[in-house]
Amino acid sequence: MRPHLVTSLAASSIPRLTNPTSTRTFVTSSSSSALRTLSTRSTTVTTHRAYSSLKKPQEQTTTSNQNIKIPSLASATMSTPINANAVLDLVKARRTYYALNKELVISKERVEEIVKDALAHVPSSFNSQSNRVLVLFGADHDKLWDITAEVLKAIVPADSWQGTAQRIAGFKGGAATVLFFEDQDVIDTFQEKFAIYADKFPIWANQSDAMLQFTVWTALEAEGLGANLQHYNPLIDQRVTAEWKVPESWKLNAQLVIGGRAGEAGPKEFVPIEKIYKSAGN
């Protein structure tokens, strides 16, 4: 199976998401209780209609987030607006799944559509668009993790190899891998064009890539897949470049392993919010 290089920005197939609005009828006269009652009913009915479509999305739950309802991305249309809580529910439900199998619960084409949309719309500094992606399915996915095992076996002590081999086998047991890169040629160009920010562009590019990773991870899990993020770069960089004819300017940053969920995500602990959050002003 040929790998799928995403080298250009695809037009998004997901319409812009708008804030939900409601229509309200207000009566200024306070002399008629009947009119006030009618006004209240009108407000309630129209508001209910504006939000009614949010109550019937495709839903999924995870063991650790049983109360989180996840709306399908496909349900978010111009006629079905979502609000911040729907987005945050997806963020909260995104978890790390190490136990994966080769069953994709969505089509290969849908996986590519999600990745392309995220790649096109995740922001980047000065709209530099330095993110690049390679998606490997099937035999190419397996080959990636065989290569990773070969590279690691040459440097991992023999008495530690068994545990490493099991981890790599777990990643190979998934269905596909999304590899995230930064195009160094793009970064170099912007460093030259805006020399005053030259030392910042590598940092900003990395931040944009991180947003892309999170977006793809969250979106794919919203479709029912499991995923975990790995970082075997730069150990495998040269092999990846040679095997899949990746441009030399593409610098590998991370590998998102995806597949069917063969187990549950582990428990997640949280730092008390008062230790990590501050606010100021009225």
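## Basis of the description

Residues are numbered from 1 along each chain as its sequence is written, and side-chain values use heavy atoms, with hydrogens and water left out. Because the model is predicted, local features need pLDDT of at least 70 and side-chain atom pairs count only at pLDDT 80 or more, whereas totals for chains, interfaces and linings use all residues.

## The nonpolar cores

A nonpolar core is a set of buried Ala, Val, Leu, Ile, Met, Phe, Trp, Tyr and Cys residues joined through side-chain atoms within 4.5 Å, where buried means under 20% relative accessible area, exposed over 50% and partly exposed in between, for a 1.4 Å probe and protein chains only. The largest core has 25 residues, of which Leu134, Leu144, Leu179, Phe181, Val240 and Trp244 touch the most other members. Among the elements that each supply at least two residues are strand 3 (131-137) and helix 4 (138-153), and helix 4 gives the most, with six residues; helices (H or I, at least four residues) and strands (E, at least two) are DSSP runs, numbered from the N terminus.

A second, separate core of 23 residues includes Ile106, Val178, Val216 and Ile258.

## Helix 3 against helix 7

The contact (heavy atoms within 4.5 Å) is made by residues including Val111 and Ile114 of helix 3 and Leu212 and Val216 of helix 7.

## Gln207

Gln207 is found in helix 7 and is partly exposed, with a relative accessible area of 45%. Gln207 and Ser125 are 82 residues apart in sequence, yet 9.1 Å apart in space, C-alpha to C-alpha.
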